Amino acid sequence: MKTIVEFINVVKSYQLGDLVVPALRGLNLKVFEGEFTVLIGSSGSGKTTVLNLVGCIDDPDSGEILIDGNAIRQLTENQKSELRNKKIGFIFQSFNLIPVLNVEENIEMPLLIQREITMADRKQRVKEALADVGLSEFRTYMPNKLSGGQRQRVAIARALVSKPQLVLADEPTANLDSKTAHMIIDLLTDLNKRKKVTFLFCSHDEKLIGRVGRVLRIQDGLIVEGLSTQGISVE
Ligand code: ADP
Ligand code: MG
């Protein structure tokens with residue numbers, strides 16, 4: 001299986017006034033192409049820090065991060081933003097939709113910065129992404145007319161529309177009731193199987209982990225347990 005993300009001894013701390021807060025303490029992990037990987041751990045364990053580093057939103061203090069075989073450290077800022085825009089999709093806990101844009105305009109947003117994509121291609125991709133999340137009839141709705149679950153589906157379509165190699169999801173179900181949360185998980189796992197989307201999903205919710213592929217447990221900035229669905233230790 002192809003490795004799409006690899007962390008080797010990654011250390012990251014935050015400076016909070018005079019205080020140094022350790023977030024990752026030499027973390028190792030691998031994410032494989034086509035898999036649905038779940039990073040599970042309590043609040044403060046380092047999940048968001050991992051996703052921000054994968055998304056090139058932040059830099060590690062030390063250690064190596066490889067995305068699709070490329071060491072992030074060796075990329076220029078332009079190359080990093082290209083990686084972010086073309087290869088990685090993001091889904092957030094709070095949906096982060098733009099309130100003054102309707103559903104299809106929100107989904108189209110990531111494509112507007114890719115100038116090589118024509119308008120006809122953009123419209124086609126938005127249409128497909130809307131169908132993938134089951135929201136075709138809602139394409140002209142404003143976000144405030146949608147339920148939480150529908151808003152998160154718009155955000156999922158927006159993450160998928162650029163056909164990224166990897167989608168990062170930071171606690172995407174934390175603001176949803178449990179029934180809606182399970183529907184969102186089912187949608188993501190379905191997209192993983194049907195469209196071969198690679199997901200790195202993080203959550204603090206133990207109840208979700210029975211439902212997904214490969215679980216890595218993070219605690220105090222280290223992976224403490226990695227199991228595949230077959231129960232084989234992989235890391
Ligand atoms: P999680 O997403 O699992 O809740 P985080 O990655 O957000 O964990 O945080 C890991 C640790 O780093 C926690 O102790 C948190 O308080 C700290 N931390 C995260 N972001 C910052 C920041 N910007 N400034 C200071 N400390 C931070
Ligand atoms: Mg977090």
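Select Phe-36, Phe-199 and Phe-201, which ring pairs link into a cluster. Rings of Phe, Tyr and Trp (its six-membered ring) pair if their centres lie within 6.5 Å; planes under 30 degrees apart are stacked, over 60 edge-to-face, and the rest tilted. This is a predicted model, where local features need pLDDT of at least 70, side-chain atom pairs count only at pLDDT 80 or more, and totals for chains, interfaces and linings use all residues. Residues are numbered from 1 along each chain as its sequence is written, chains are lettered from A and ligands numbered from 1 in the order in which they are written, and side-chain values use heavy atoms, with hydrogens and water left out.

The structure holds 4 aromatic pairs. For Phe-36 and Phe-199, the ring centres are 5.3 Å apart and the planes at 40°, so this pair is tilted. Phe-36 belongs to strand β3 (residues 36-40) and Phe-199 to strand β8 (residues 199-203), so the pair ties together parts 163 residues apart in sequence. Strands are DSSP runs (E, at least two residues), numbered from the N terminus. Phe-36 is buried at 4% relative accessible area, and Phe-199 is buried at 0%. Buried means under 20%, exposed over 50%, and partly exposed in between (1.4 Å probe, protein chains only).

Next, select Phe-90 and Phe-92: their ring centres are 6.1 Å apart and their planes at 5°, so the pair is stacked. Phe-92 is partly exposed, at 30% relative accessibility.

Definitions and conventions:
Helices (H or I, at least four residues) and strands (E, at least two) are DSSP runs, numbered from the N terminus.
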